Amino acid sequence: MIRKGDNMKLYNTLTKQIEDFIPHNPKQVTMYTCGPTVYHYAHIGNLRTYIFEDVLEKNLEYLGYDVKRVMNITDVGHMTSDADTGEDKMLKGAKRENKTVWEIAEIYTKAFFEDTEKLNIRKPLIVEKASDHIDQYIKIISKLLEKGYAYIANGNVYFDISKVTNYYQLSEKNKEELIIGAREDVELDVHKRNPHDFGLWFTSSKFENQIMQWDSPWGRGYPGWHIECSGIALKFLGEYLDIHCGGVDNIFPHHTNEIAQSESYLGHKWCKYWCHGEHLNNASEKMSKSKGEFLTLSLLEQKGYKPLTYRFFCLQSHYRKQLVFSYEGLDIASQSYNKLLNKVNNIKKSAEGEINKEQVFKYQELFKEALRDDLNTSNALTILYDVIKDEELNNNTKLYLIADFDSVLSLDLLKEKEEKIEEELINYINGMIEKRNKAKQEKNYKEADRIREELKEKGIIIKDTKEGTIFEINK
């Protein structure tokens with residue numbers, strides 16, 4: 001039972017304000033999160049968004065809510081540009097790897113969930129592939145046509161944004177900002193009534209050899225990107241959605257268009273709270289797959305970092321603040337996380353005393369207060385450290401609170417160590433790589449080769465990549 005005054009406060013992108021979270025149905029929170037487009041590996045910037053959504057869901061449960069969360073898997077090819085133009089992402093992946101689009105979808109869906117499992121990101125209650133719900137999209141599009149919100153032109157079905165008031169409310173953009181020619185990613189489509197009308201269904205494909213196609217009342221074709229999330233959310237969560245999450249790059253046009261088509265279809269307000277996670281940037285720009293050079297969780301592992309070190313790195317920053325990634329920053333997070341684990345382990349070794357319920361309640365309230373404040377994970381971590389260093393708490397009380405907090409933080413604070421690679425070994429490898437890099441800089445290639453062979457003899461294979469030197473350990 002959520003007590004009066006205990007409501008979580010969330011920043012709502014729609015209203016640009018921090019608001020009390022009050023679900024439509026107090027018995028169950030409905031939550032929708034945009035899933036991956038499975039044409040390539042998720043980069044760590046993508047994964048930051050999924051970490052934020054995971055913490056939000058677990059925190060709502062910690063506060064006493066029952067949460068029903070749905071996520072889509074975009075396995076239907078859609079354009080690389082948000083202007084409904086460019087190359088089909090799934091087809092691009094298939095060409096890159098000489099596989100079918102269906103094989104690509106299966107490979108990268110599996111890879112995505114392997115990454116999220118390593119990061120302790122819970123799989124949503126309902127996960128649905130976009131390709132499984134073509135009938136649902138056709139049903140919605142048909143009604144939008146019937147109600148006059150959509151039109152057919154050149155064999156395609158478009159949504160008419162001029163029929164919607166407050167179309168730009170979520171993004172705070174305006175028509176002048178989006179004039180054709182002012183943005184490189186927008187191409188003029190002479191068949192649209194308005195430049196930013198968006199595709200609901202394409203029968204006149206812009207791509208040769210389009211494979212992913214289905215029959216529809218308007219001809220054989222495929223759905224637009226935006227209709228997929230609306231269709232799946234409406235089907236599994238009903239006409240009133242509490243929370244819709246995603247990255248800030250989803251605000252326009254994806255979430256803007258979801259609102260337009262969903263509320264036009266329903267005839268009433270659809271989703272009350274829109275929550276967006278900020279970008280993870282590298283030194284010069286936001287993380288991107290477009291250049292083919294991007295940081296993956298597997299790459300971090302190959303460099304010797306624990307996946308949960310990256311989760312810890314993200315939790316130290318607020319989800320609505322841009323976070324700059326660097327290996328120096330990750331090293332600091334790794335040291336802090338390992339020290340935290342060691343402190344908890346020392347507490348476990350000398351566990352004693354009865355659990356002090358009064359102190360438990362006090363710290364639980366402080367922890368909830370931090371997370372109720374627009375999911376302030378940095379302050380929540382501070383409360384965790386306060387528990388650990390509180391000399392008035394016996395160790396059993398500390399362990400109880402650590403386990404309790406970790407139901408939200410999900411850092412495996414009490415999990416028995418099952419390290420595959422000892423820290424000393426990692427330090428040795430990184431030291432040898434540093435010596436080798438120095439030898440190469442000094443053009444002492446004989447020494448560089450000697451170091452490579454020494455590592456190889458120990459079953460350690462090093463590889464030089466554009467992102468730096470990585471290693472693998474052959475058992």
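1. Asp412 sits in the loop between α12 and α13 (423-441). Helices here are DSSP runs of H or I with at least four residues, strands are E runs of at least two, and both are numbered from the N terminus. Phi of Asp412 is positive, near 55°, though the residue is not glycine. Its relative accessibility is 25%, so Asp412 counts as partly exposed. The classes are buried under 20% relative accessible area, exposed over 50% and partly exposed in between, with a 1.4 Å probe and protein chains only.

2. A word on the basis. This is a predicted model, in which local features need pLDDT of at least 70 and side-chain atom pairs count only at pLDDT 80 or more, while totals for chains, interfaces and linings use all residues. Residues are numbered from 1 along each chain as its sequence is written, and side-chain values use heavy atoms, with hydrogens and water left out.

3. Asp374 also deserves a look. This residue is not a glycine, yet its phi is positive, about 55°. Asp374 lies in the loop between α10 and α11. Is Asp374 buried or exposed? Asp374 is buried, at a relative accessible area of 1%.

4. Buried residues of α10 include Tyr363, Gln364 and Phe367. The buried residues pack against β1 (9-12), α1, α11 (377-389) and α12 (395-409).

5. The largest nonpolar core has 77 residues, and Leu56, Ile243, Tyr310 and Phe405 have the most contacts inside it. Such a core is a set of buried Ala, Val, Leu, Ile, Met, Phe, Trp, Tyr and Cys residues joined through side-chain atoms within 4.5 Å. Helix α1 (residues 44-62) gives the largest share, nine residues. A second, separate core of 46 residues includes Val76, Trp218, Leu237 and Ile251.

6. Beyond its neighbours within four places in sequence, Phe405 is in contact with residues including Tyr62, Tyr363, Phe367 and Ile383. Contact means heavy atoms within 4.5 Å.

7. Four strands form an open sheet with antiparallel pairing, in the order β6-β7-β8-β9. Strands pair if DSSP finds at least two bridges between them. β6 (150-153) and β9 (222-223) are the edges, each with a single partner strand, so one side of each lacks a neighbour in the sheet.

8. Check the peptide bond between Phe252 and Pro253: this bond is cis, with omega about 5°. Pro253 lies in helix α6 (residues 251-266).
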